[in-house]
Structure formats: C-alpha cells, structure tokens
Amino acid sequence: MATIVDAHVEGARLGQTAPGVMTAEAKPVYKKIELVGSSSNGIEDAVTNAITRAGETIRNMKWFEVAEVRGHLENNTVADWQVTVKIGFTLDT
C-alpha cells in the first residue's frame with residue numbers, strides 16, 4: 001500500500017495508506033497461456049470449455065482473447081468448433 005501524500009484523495013488524511021493503491025513492488029505480473037477449446041455447440045461453448053478447464057488448475061485468471069477460430073468437418077458439415085484462446089492471469093506474489 002502507498003502512503004497518501006496528496007490531501008485531495010477523497011476521505012483520506014496525510015500519512016494514511018490509500019486502499020487500492022499499489023506500490024511498485026506490489027504491481028501484478030501477468031502470464032499468458034494458450035489453449036484450444038472445442039465444442040459441437042458453437043464458438044462460445046468452445047471458449048467456455050477452455051476457460052472452465054483452465055480454471056481447474058489456474059488461479060487468478062483475469063482476461064482472455066480469441067486468437068483463432070477453426071472447425072472440424074464431417075461429411076461436409078461442421079462437426080466441431082475449435083477456438084484458440086489466450087488466457088492471462090496474475091502470478092502469485
């Protein structure tokens with residue numbers, strides 16, 4: 001926590017610690033992993049499946065991005081959606 005040096009911070013007095021303010025040492029570091037989720041029900045389900053599975057072992061997930069969308073065909077029809085997602089999470093301090 002940082003010490004308040006500016007009296008303009010709402011509800012704070014000089015010398016107090018400001019809630020929610022991070023010092024340089026406490027700023028988070030992020031790691032990004034890449035997963036491929038799949039679903040026969042659509043793109044959103046494929047993304048959800050990847051995120052849900054990652055959540056079983058990864059803590060502190062904060063964001064995701066869709067990197068690639070592709071599909072699997074059987075008999076000239078879409079059988080499965082495959083979505084590559086990158087998931088960002090903070091490392092433990």
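Reply: The protein chain has 1 helix and 5 strands, in the order β-β-β-α-β-β from the N terminus on. Helices (H or I, at least four residues) and strands (E, at least two) are DSSP runs, numbered from the N terminus. This is a predicted model, where local features need pLDDT of at least 70 and side-chain atom pairs count only at pLDDT 80 or more, while totals for chains, interfaces and linings use all residues. Residues are numbered from 1 along each chain as its sequence is written, and side-chain values use heavy atoms, with hydrogens and water left out.

Me: What makes Phe 64 partly exposed rather than buried or exposed?

Reply: Buried means under 20% relative accessible area, exposed means over 50%, and partly exposed is in between (1.4 Å probe, protein chains only). Phe 64 comes out at 43%, so partly exposed is the label. Phe 64 lies in strand 4. Across the protein chain, buried residues make up 20% of the 93 residues.

Me: Why are Ile 43, Phe 64, Val 66 and Val 69 called a nonpolar patch?

Reply: Patches take residues with over 30% relative accessible area and no salt bridge; nonpolar side chains (Val, Leu, Ile, Met, Phe, Trp, Tyr) are joined within 5 Å, like charges within 9 Å. Phe 64, with its 43%, is over the 30% line, so it passes on area. Together the four have about 320 Å² of accessible area, computed by the Shrake-Rupley method with a 1.4 Å probe, where for residues only the protein chains shown count as cover. Strand 4 (residues 61-74) supplies the largest share, 3 residues.

Me: And what makes up the largest nonpolar core?

Reply: That core has 7 residues: Ala 46, Val 47, Ala 50, Ala 54, Val 83, Val 85 and Ile 87. Helix 1 (43-54) and strand 5 (77-90) are the elements giving two or more residues to this core, and helix 1 gives the most, 4 residues. The term covers buried Ala, Val, Leu, Ile, Met, Phe, Trp, Tyr and Cys residues joined through side-chain atoms within 4.5 Å. In soluble globular proteins, nonpolar side chains tend to be buried together.

Me: Which residues does Val 47 contact, leaving aside neighbours within four places in sequence?

Reply: Val 47 is in contact (heavy atoms within 4.5 Å) with Phe 64, Val 66, Val 83 and Val 85.

Me: How do you know that Arg 59 and Asp 92 form a salt bridge?

Reply: A salt bridge needs a side-chain nitrogen of Lys or Arg within 4 Å of a carboxyl oxygen of Asp or Glu. Arg 59 and Asp 92 have an N to O distance of 2.1 Å, which is within 4 Å, so the pair qualifies. The pair links distant parts of the chain, 33 residues apart: Arg 59 is in the loop between helix 1 and strand 4, and Asp 92 is in the segment after strand 5. Arg 59 is exposed because its relative accessible area is 54%, whereas Asp 92, at 47%, is partly exposed.

Me: How many salt bridges turn up in the whole structure?

Reply: The search finds 3. One of them joins Arg 53 to Glu 56, with the closest N and O atoms 3.4 Å apart. Glu 56 is exposed because its relative accessibility is 57%, but Arg 53 is partly exposed at 47%. Arg 70 also forms one with Glu 68, at 2.9 Å.
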